[in-house]
Amino acid sequence: MTDTLPPASAPEEERPEVPAEETFFQRFMRELTSGSILVTILSVVLALFIGALLIAASDPDVQDRASYFFSRPGDTLEAAWSAVSNAYSALFTGSIIDINEYTVGRALRPLAETATNAAPLIAAGLGVALAFRAGLFNIGAEGQIILGAILAGYVGFGMHLPTGLHLIVGVLAGIVGGAIWGGIVGLLKARTGAHEVIVTIMLNYVARFLIAYLLTTSAFQRPGASNPVSPIVDENAQLTRFFSDSRLHLGFVLVILAAFGVWWLLERSTMGFEFRAVGANPNAARTAGMSVSRTYIWVMLLAGGLAGLAGVMQVLGTERYLTAGISAGIGFDAITVALLGRASPWGTVAAGLLFGALRAGGVPMQASTGTPIDIIVVIQSLIVLFIAAPPLVRAIFRVPVRSAGQPVAGLQRGWGA
Amino acid sequence: MSAQTVVAPPTPTGQDLAVRPSWKAPIAFAVLALVALITFGILGESGQTSTFGISTSSDAWQIDPLALSSQPVALGLSLVCVVIAAYSAWLVRQGQSVPVWLTVLFAIAFVLAFLVWAVAGEQISFTSLLQGALALSVPLVFGALSGVLCERAGVINIAIEGQLLAGAFLSAVVATLTGSLYVGLLAAIVAGLLVAFVLAVFAIKYIVNQIIVGVVLNVLVLGVTNFLYGQLLAPEASTWNSPGTLPRVEIPLLSEIPVIGPVVFEQTIIVYAMYVTVILVQIALFRTRWGLRVRSVGEHPKAADTLGIKVNTVRFRNVLLGGAVAGLGGAFFTLGNVGAFSREMSAGQGFIALAAMIFGRWSPLGALGAALLFGFANNLQSVLGIIGTPIPSEFMLMLPYILTIFAVAGLVGRVRAPAADGEPYVKS
């Protein structure tokens, strides 16, 4: 029955701090919060390497030269190297620093673009991470972002309020929109036991069709426009941009504040303690007198609100008008961001910055080298896949198992529970 | 002390297994019947006719299109709904539960009433409505079957979407490269297997959370197929992406039956494979020793292990089997329908398949029924979109998802997943 056992787990005495009755979920949380940095870095390296293989293999120049690979293998390798290095250096100059520019401001513009892309990713990622900590899988950030964007956008272009107030109302409306969409999930989970994964996936689609419908109505469609786009939001409701030649806006500050808020909530508040207790063991939390149902509702309200904030940034900051694609896949990237950040607030910020950089660099990479931007998605998903299975990464890089060699596992519940 | 607890927490509501029949169905029926009576019947435009084409031009027997006087017929059909609602209320009152056939009957009457109302003053072809519905259902059925095979053995398969997409992609590429559509079909199966293999390795060997692996795999397949599409398939479609479509095979005699013939028996080999797969999986799962083992692994792996069943081996095999089935379904997008691969071709059908599986209560026949229903709703939306109806098409498109939310929330009958679904089995 050796094939049924998990791979090489460390001897018991090497990790005495781990109690024998540790549940899957506790182990999951421990791995998420205390997993080795080394595995994270190696995962990124491995993902970039596989991405490089894909770029090289699909490059037309490489394919041409591969036809005479055995007579002159150097040609193929040279072409492969130039394809990969061009793509990755374009990725770098597009996301961090452009050394070909002469002024500091323009050279650092890619960095600002990275932060612009990272802000909504971090906000939505925080929502997913918060739900993770309470033992809930929030796959629904996409729908929550859309609802947040709908409400924030409507306040932005449909209402006309004084400076200051308009922005505040818009931001709050977006947060409320996301919170409603998340709250439905929490409520259904608490009252009927409907599994949040299914409900969130379904609500994503409902939100997508809802925004598609709204953009055909007279209240939302831009007057005179034939395509489904909304009017541009009022100047008063726009998140202020910091620099004249960059889209970086006030939202980035808001998201750092939100990260601090989530950190405080989880680590310093009673409510956050209840969230973590329910996440660690709902039965024990119930026995200790906590209301598990109420926790589920609150967690999903807050998680939805954070995703709604991401929608606010998209519509009031980056894009400034509503389209059907306003969520831009941020909600799905948010899941990987939260996983990569190991469900901790500051980890999520770091992961969001990394993914923001990949998003920001992907556009100029596609423009200058013709490498499809979708390679970014491949790299991102590979990173998360590898991080989720440390034993695999250790085996590939022959890293000896020193401490907790346990694989990530967690939230081991059925659909119905 | 050492006993590891992997017991799932009880449902928060602690709902008892209902012995008394639930009033939910009669109440839902009554509300819907009232809606039908008022909107479709009483408020329907009078003096209009709804015309339904029955025959296609190639049929042996031509049947004249059915022209119905819209308002009276819709009124009659909604009255049927009212009667069914009353009967179900009487049944529950008598302490009996509402049988499935009554629900089906209600649904048919309601949908027909809706159709007659929506088509008022227009004409649609009934046969092509059903043909389109079946075409949209095929990937859903395969996907839902994949879900059933995995989840009955206790592994959650969120990666259906990725398996469908991988099948669609590889079948198109391989069929173009080899010039053989049937090799393309095999490639679709291989693609589904590959995705399933990664799922199985991560979920079963490395005990990574199954939902995480599934979600990430979907994104990964999407990224890889989009990347290769942009890099190879789009610039050089003739070398990589022009497989063509499978021929339709008419079954002699059966295809001559009006309405049913052209819909069911004039299809590609993929659709016939679907009929066979549904029946095979249904029988295998519930009538064979293999099926009993699979279900025991999904319900109570520890007990199964005690009896000498290799839990993780069974699971591994079932995940692979499910992947193969979903991969074949993916080939329908390309080889069975469009004849070329395009970006994000599966377009969320894998998630609707997941919904169909849940709505069909984790049984192959139920999944088939739910998939057909979802396909019908989807096609109805596009048909009605052409003739123009009072209901925005987006709301029709939402229907499968909202129905699924209702299903998992227990508002339309309780659905129950296999008990050990999603729990990795670690021998202690």
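The questions below take up confidence, helix packing and domains in turn.

Trainee: This is a predicted model, so what ipTM does the predictor give the complex?

Mentor: Because the model is predicted, local features are described here only where pLDDT is at least 70. For the complex as a whole, the predictor gives a pTM of 0.84 and an ipTM of 0.80.

Trainee: Are helix 2 and helix 17 of chain A roughly parallel or roughly perpendicular?

Mentor: The axes of helix 2 (residues 37-58) and helix 17 (residues 390-397) of chain A come within 10 Å and cross at roughly 70 degrees. Angles from 65 to 115 degrees count as perpendicular in this rough sense, and the two helices of chain A are therefore roughly perpendicular.

Trainee: How many residues of that contact between helix 2 and helix 17 of chain A are nonpolar?

Mentor: Helix 2 of chain A contributes Val39(A), Leu42(A), Ser43(A) and Leu46(A), while helix 17 of chain A contributes Pro390(A), Val393(A), Ile396(A) and Phe397(A). Among these residues one is polar and none is charged, and the number of nonpolar ones is seven.

Trainee: How is helix 10 of chain A oriented to helix 13 of chain A?

Mentor: Helix 10 (residues 251-268) and helix 13 (residues 292-318) of chain A have axes 10 Å apart and pack at an angle of about 170 degrees. Since an angle over 145 degrees falls in that class, helix 10 of chain A is, relative to helix 13 of chain A, roughly antiparallel.

Trainee: Which residues of helix 13 of chain A meet helix 10 of chain A?

Mentor: The contact divides into five nonpolar residues, two polar and no charged. From helix 10 of chain A come Gly251(A), Leu254(A) and Ala258(A), and they meet, in helix 13 of chain A, Leu306(A), Leu309(A), Met313(A) and Gly317(A).

Trainee: What distance separates the centres of the two domains of chain B?

Mentor: Chain B is divided into domain 1, covering 24-121, and domain 2, covering 129-408. Taken over C-alpha atoms, their centres are separated by 31 Å.

Methods: Residues are numbered from 1 along each chain as its sequence is written. Chains are lettered from A and ligands numbered from 1 in the order in which they are written. This is a predicted model: local features need pLDDT of at least 70, side-chain atom pairs count only at pLDDT 80 or more; totals for chains, interfaces and linings use all residues. Axes are lines fitted to C-alpha atoms, for helices over the stretch in contact, and angles run from 0 to 180 degrees between N-to-C directions. Helices (H or I, at least four residues) and strands (E, at least two) are DSSP runs, numbered from the N terminus. Angles under 35 degrees count as roughly parallel, over 145 as roughly antiparallel, 65 to 115 as roughly perpendicular and the rest as oblique. Two residues are in contact if their C-beta atoms, placed from the backbone, lie within 7 Å. Ala, Val, Leu, Ile, Met, Phe, Trp, Tyr, Cys and Pro count as nonpolar, Asp, Glu, Lys and Arg as charged, and the others, Gly among them, as polar. Domain bounds come from an automatic or database domain assignment.
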